[in-house]
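I opened this structure to look up its ligand site, its pockets and its cavities. My entries follow in the order I made them.

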Amino acid sequence: MRSLIDILDLSVEEIDALIVTACDIIANPDKYAECCKRKKLATLFFEPSTRTRLSFEAAMLELGGSVIGFSSANSSSAAKGESVADTAKVISCYADIIAMRHPKEGAALVAAQNAEIPVINAGDGGHCHPTQTLADLLTVYREKGRFSNLTVGLCGDLKFGRTVHSLINAMSRYDNVKFVLISPEELKLPSYVKNAALKGKGIEYVQTTDLEAAMPGLDILYMTRIQQERFADIDEYLRLKDSYILTPEKLASAKPDMCILHPLPRVNEISVKVDADPRACYFKQVLNGKFMRMALILKLLEEAKR
Ligand code: NCD
């Protein structure tokens, strides 16, 4: 059974095909309105979510399917001690596909190993978040028209930020992509991501704490939230939470066509004054996420038939 646990489960060619489907959905939504008739998506969210859960639900509804699920661990049998493996087996009796978010790294993989239906990882702890990356990639494609020859700056919590890990893995497969990793010392990219995605492949990257110095060289700036819920020590969070705040003044030295992305939710790291800047693409990114999730649901349900 084909699932999506890590962005690297999809080849570059498959990502291209998902982008083609998403663009066709954007151009011809009516063509897809009944594609998932009588199919059910189960959204199993053991961790808070606004965009990811609701965009999965909107995606399935726009494909003509329906949705069941829960939006917090407290309202599921996890609160009674049920394992992820058992939950996955049970939901396989009710639904055709699962989108699952869980605070533990590896939980989506366990679900996929036990489910009889495709499982989509909608975020597993501080590990990865492949469908956010699909949203990010469609946005880069629509804004820049390419994935190669780009300098990508990632700024904020690179340690716990699962969207960052998945995006670096995905973008490191294209030609001549350079990375600028901008974070406080304490929140640097974990070495397991750095070694596999960058060092191991000889990809050019720099690590810095200085956003303003990096700004002029960037084609893409991916801002992230400091991930409060992953800190063991709240004082450390409080000390680091406002490490980077993007303002119109700081953007003065950026390229006129730089693309500003953020997976959202935003806390304080992008001033609302930046929203009016034509380079701010984070709300477009939200919409792109729905289209890519539609394309992904179609692909996985199609493959499950075989
Ligand atoms: C992200 C996540 O859950 O990792 N949110 C999202 O899905 N758009 C980013 C975050 O919570 O900071």
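I began with arginine 101: an N or O atom of its side chain is 3.0 Å from an oxygen atom of the ligand. I count a polar contact as a pair of N or O atoms within 3.5 Å; within protein, one must be able to donate a hydrogen and the other to accept it, and residues adjacent in sequence count only if both atoms are side-chain atoms. Arginine 225 also places a polar side-chain atom 2.8 Å from an oxygen atom of the ligand. I then checked the area. Alone, the ligand exposes 310 Å², and the protein buries 95% of that. Accessible areas come from the Shrake-Rupley method with a 1.4 Å probe; for residues, only the protein chains shown count as cover.

**Basis.** I note that this is a predicted model: local features need pLDDT of at least 70, side-chain atom pairs count only at pLDDT 80 or more, and totals for chains, interfaces and linings use all residues. Residues are numbered from 1 along each chain as its sequence is written, and side-chain values use heavy atoms, with hydrogens and water left out.

**Shell around the ligand.** Which residues surround the ligand? I list Arg51, Thr52, Arg101, His129, Gln132, Arg162, Thr163, Arg225, Gln227, Pro263, Leu264 and Pro265. Ala, Val, Leu, Ile, Met, Phe, Trp, Tyr, Cys and Pro count as nonpolar, Asp, Glu, Lys and Arg as charged, and the others, Gly among them, as polar. α2 and α6 (162-171) each supply at least two residues of the shell. Helices (H or I, at least four residues) and strands (E, at least two) are DSSP runs, numbered from the N terminus.

**Largest pocket.** Where does the ligand sit? I place the ligand in the largest pocket. To sit there, more than half of its atoms must lie within 2 Å of the grid points. The grid has 1 Å spacing over the protein atoms alone; a cavity is a set of points where a 1.4 Å probe fits but cannot get out, a pocket is an open set with protein on both sides within 12 Å along at least five of seven lines, and lining residues have an atom within 4 Å of a point. This pocket holds about 360 Å³ of space. Of its 20 lining residues, Arg101, Arg162, Arg225, Leu264 and Pro265 are the closest to the centre. Volume here means the space filled by probe spheres set on the points, which are joined across faces, edges and corners. α2 and α6 each give at least two residues to this lining. I class the lining as four nonpolar, ten polar and six charged residues.

**Backbone at the site.** Leucine 264 and proline 265 are joined by a cis peptide bond, with omega about 10 degrees. Proline 265 lies in the loop between β9 (259-261) and α10.

**Second largest pocket.** Its volume is about 150 Å³. Cys35, Lys39 and Arg306 are among its lining residues. The lining has four nonpolar, no polar and six charged residues.

**Cavities.** How many cavities of 30 Å³ or more are there? I record two. α2 (51-62), α5 (130-144) and α10 (282-305) are the elements that give two or more residues to its lining. α10 gives the most, with five residues. The second largest cavity has about 40 Å³. Its lining includes Gly156, Arg225 and Glu269.

How values were computed:
A residue is near a molecule or strand if one of its heavy atoms lies within 4 Å of it.
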